[in-house]
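Please look over the complex shown below. The report takes its parts in turn.

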Amino acid sequence: METAYLIETIIKVVVILLVFSALAGIGTYFERKVLAFMQRRLGPVNVGPFGLLQVGADGIKLFTKEDIIPTNVVAPIFKIAPVITAATAFMAAAAIPFLPQFDIFGYTVHPIVSDIDVGILYILGVMAVGLFGPMLGGMASANKFSLLSAARAAAVFISYEVVTGLAILAPIMMVGSLSLIDFNNYQVEHGWIVWSQPVAFVLFWIAAFAETGRTPFHLIANDHEIIDGFGTEYSGMRWGLFFIGEYANMFFISFVIPILFLGGFGDGSFLGAMALLGKMAFFFFFFLWTRAAWPDVRPDQLMWLCWKVLMPVAVINVVITGLVMMF
Amino acid sequence: MEQFNNRNVAEGGYYLVDIEEYPTDGWGKFKRVVKRTFRGELFVGLWVVLREMIRFDIHTIQYPEEKMPIGPRYRAVHEMKRLWESDTERCIGCGLCEKICISDCIRMDTRIDENSRKEVTEYTINLGRCIFCGYCAEVCPELAITHGGEYENASDQREHFVDYEYMLTPIDVMKQNAQKEFEGFGAITPHEDERVKKTPLAY
């Protein structure tokens with residue numbers, strides 16, 4: 001393997017890790033601000049200008065807090081669970097093209113760690129593995145709320161994952177590739193997939209909420225029902241890893257949705273890159289927006305929705321797509 | 001003040017919400033799902049919060065810098081009033097407040113001074129014990145001990161005392177006629193002059 005390729009990849013990995021770890025922190029700031037404004041509050045204002053340094057204060061708090069391993073937990077699993085969440089979130093980023101390729105000092109940079117053939121399958125698979133974090137963490141903890149949360153994680157997991165897979169199947173049939181770069185290039189030629197596959201787009205979007213555990217489907221760690229769910233017994237940076245994983249996941253899924261359905265970065269111009277970032281910002285904002293506006297559903301309602309409504313719709317969508325492509 | 005006094009909450013326009021019958025059979029449930037799905041109720045919710053965000057009508061009170069006005073009947077840390085006429089203390093050392101205090105937090109000591117008047121020598125209220133019930137203000141025959149609006153009385157120990165000098169209206173405030181009468185427990189109600197009756201002995 002070429003040394004230059006190796007160095008480039010390592011730099012890309014480090015940049016993605018640093019940028020999205022920082023973004024996860026800033027994401028919490030935006031979440032608090034947006035939620036506050038929607039609820040006619042001010043949000044963080046006291047630490048730094050406009051409360052911007054609140055992120056740093058939170059970081060210092062998380063890093064310096066005591067790392068408590070409670071007596072009755074299954075210690076090895078309890079310790080590894082947050083790492084699974086955070087690691088898989090960042091691993092999923094390997095196949096996401098964050099920007100179109102650009103030249104810097106005469107060297108072409110592809111802002112994607114690895115354009116693998118099974119891109120979208122890899123992303124969905126690795127993100128799905130991320131659900132093991134809450135599940136193992138909840139099961140390793142020694143209280144019933146964490147256990148309930150773990151059970152919910154398993155239930156949510158098998159419910160939405162079917163919808164995600166089936167919803168994305170129809171666009172994959174049209175594009176004929178699993179690589180996100182190919183998805184992007186297909187849309188440059190044929191127009192955005194959302195116009196030909198609106199149902200798949202909505203289904204995938206709904207499933208993304210379950211994937212990231214955001215508010216309509218925020219039942220894994222629902223504060224008002226099961227305290228903090230799997231995070232109840234966690235403290236310090238272990239809890240922080242769960243947090244970073246959750247927010248990094250939000251950012252990555254906000255990148256994946258526009259790339260799959262909304263034209264991605266288009267023809268690769270500067271404008272296209274900015275458009276991708278804008279679309280990403282909208283989807284991220286929508287995650288916060290729904291949190292302010294919508295109530296949570298019960299676990300049985302989520303399963304009802306996924307199995308009895310979304311999955312049949314997704315299957316019908318796949319069949320119709322197949323028929324249209326055949327004739 | 002008017003908003004505090006009006007206790008008739010039904011005037012604000014209460015009405016019965018029209019709740020549909022819950023569907024019992026499968027077809028009814030299916031129809032309800034379809035209706036809810038396509039009526040766009042979720043978007044109404046989204047619009048409402050976005051509207052509030054755009055309007056930016058923030059209701060936060062940044063507490064240490066900004067404070068809400070509190071009602072004149074609010075029962076916070078006690079105050080000792082002075083007489084308007086002579087600027088001397090109203091307290092006559094009768095000890096009723098000490099007697100009635102249900103949490104036993106008032107202690108006072110008195111003596112007979114040179115003019116054969118009772119004079120308060122020691123007067124402390126243990127705010128750690130005080131439950132701010134207002135009995136002392138209500139029982140005081142001279143409207144001397146009242147409640148004030150000072151509610152920031154956090155302390156680093158459980159026994160937090162205020163004494164007579166602390167509670168007493170400062171003399172320079174009194175000279176500016178700036179003493180505020182308490183309108184809560186024990187205070188003279190409005191139109192008291194018209195309602196006052198002579199003692200039964202005079203009938």
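Which residue in E3(B) is the bridge partner of B:Arg111? The partner is B:Glu119. This is a predicted model.

## The hairpin of chain B

B:Arg111 and its partner B:Glu119 belong to a strand pairing. Strand E2 covers residues 106–112 of chain B, and strand E3 covers residues 118–126. The two run antiparallel. Seven bridges join them.

Five residues lie between the strands of this hairpin. One residue in the hairpin, B:Ser116, has a positive phi, near 60°.

Helix H2 of chain B spans residues 26–39, and B:Gly26 is part of it. Is B:Gly26 buried or exposed? B:Gly26 is exposed, because 8 other C-beta atoms lie within 10 Å, and a residue with 12 or fewer counts as exposed.

Helix H3 of chain B takes in residues 41–55, 15 residues in total. From first C-alpha to last, H3 reaches 21 Å. That is close to the 21 Å expected at 1.5 Å a residue. After H3(B) comes B:Phe56. The phi of B:Phe56 is positive, near 55°.

## Domains of chain B

The domain assignment divides chain B into domain 1 (2–55) and domain 2 (78–186). How far apart do the C-alpha centres of the two domains lie? They are 52 Å apart.

B:Gly26 and B:Met174 are 148 residues apart along the chain. Their C-alpha atoms are separated by 78 Å.

## Chain A

Chain A has 13 helices and two strands. Its C-alpha trace spans about 60 × 55 × 45 Å along the principal axes. Why does its radius of gyration agree with that of a compact globule? With 327 residues, such a globule would have a radius near 20 Å, and chain A has 20 Å, so the two agree.

Buried residues make up 43% of the 327 residues in chain A.

Terms used: Residues are numbered from 1 along each chain as its sequence is written. Chains are lettered from A and ligands numbered from 1 in the order in which they are written. This is a predicted model: local features need pLDDT of at least 70, side-chain atom pairs count only at pLDDT 80 or more; totals for chains, interfaces and linings use all residues. Helices (H or I, at least four residues) and strands (E, at least two) are DSSP runs, numbered from the N terminus. The expected span of a helix is 1.5 Å times one less than its number of residues. The radius of gyration is taken over C-alpha atoms; the globule rule is 2.2 Å times the number of residues to the power 0.38. A residue is buried if 20 or more other C-beta atoms lie within 10 Å of its own, exposed if 12 or fewer, and partly exposed in between; C-beta atoms are placed from the backbone. Domain bounds come from an automatic or database domain assignment. Two strands pair if DSSP finds at least two bridges between them.
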